[in-house]
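Hello,

Here is the structure you asked about. Please open it and follow along with the notes below.

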Amino acid sequence: MTTCGRQVAVKRLLLAIPERPISRVTLDVGPVVRGEPGLWASLTADEARDLARRLLAQAALADTVAVAPAVER
C-alpha cells in the first residue's frame with residue numbers, strides 16, 4: 001500500500017496458447033480509497049526490466065535529495 005492509498009500488485013500473466021504461449025509481467029495500480037480509478041499494464045519481460053531500472057534510478061535520486069543537507073540562505 002502506498003502512502004497515497006493505492007495498492008500496487010506485480011504479477012506474472014501466462015496465456016498457455018499451444019501454438020504461441022504468451023508470458024507477461026502485469027502491473028496493477030489499484031484505485032485509492034476515495035474511488036479514483038486505478039490503472040493496469042501488461043509488460044514484456046524486457047519492458048519490465050527497463051521499468052525496474054528506471055524505478056531504481058529514480059529511487060536513488062529520491063534518496064539523495066532526502067538526505068541532502070538543508071541549504072541556508
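Start with the strands. S1 (residues 8-15) and S2 (residues 22-29) form an antiparallel pair with eight bridges. Note that this is a predicted model. Six residues make the hairpin that leads from S1 to S2. S2 also pairs with S3 (residues 39-43). That pairing is antiparallel too, and five bridges hold the count there.

Now look at valine 25. Arginine 12 has valine 25 as its bridge partner in S2. Across in S3, valine 25 stands opposite leucine 43.

Next, threonine 26. This residue lies in strand S2. Is threonine 26 buried or exposed? Its relative accessible area is 8%, and the cut-off for buried is under 20%, so threonine 26 counts as buried. Which residues does threonine 26 contact, leaving aside neighbours within four places in sequence? They are Ala9, Val10, Lys11, Leu13, Trp40 and Ala41.

Last, arginine 6. You will find arginine 6 in the segment before S1. Its relative accessibility is 18%, which is under 20%, so arginine 6 is buried as well. Where does its side chain reach? The side chain of arginine 6 comes to 3.1 Å from the backbone oxygen of glycine 30. Residues up to four places away in sequence aside, arginine 6 also touches several others, including Met1, Val29, Pro31, Val32, Glu36, Pro37 and Gly38.

Best wishes

Key. Residues numbered from 1 in each chain as written. Predicted model: local features only at pLDDT ≥ 70, side-chain atom pairs only at ≥ 80, totals over all residues. Heavy atoms only, no water. Pairing = 2+ DSSP bridges. Helix = DSSP H or I, 4+ residues; strand = E, 2+ residues; numbered from the N terminus. Buried < 20%, exposed > 50% of the residue type's maximum accessible area, 1.4 Å probe, protein only. Polar contact = N/O pair within 3.5 Å; in protein donor to acceptor, adjacent residues only side chain to side chain. Contact = heavy atoms within 4.5 Å.
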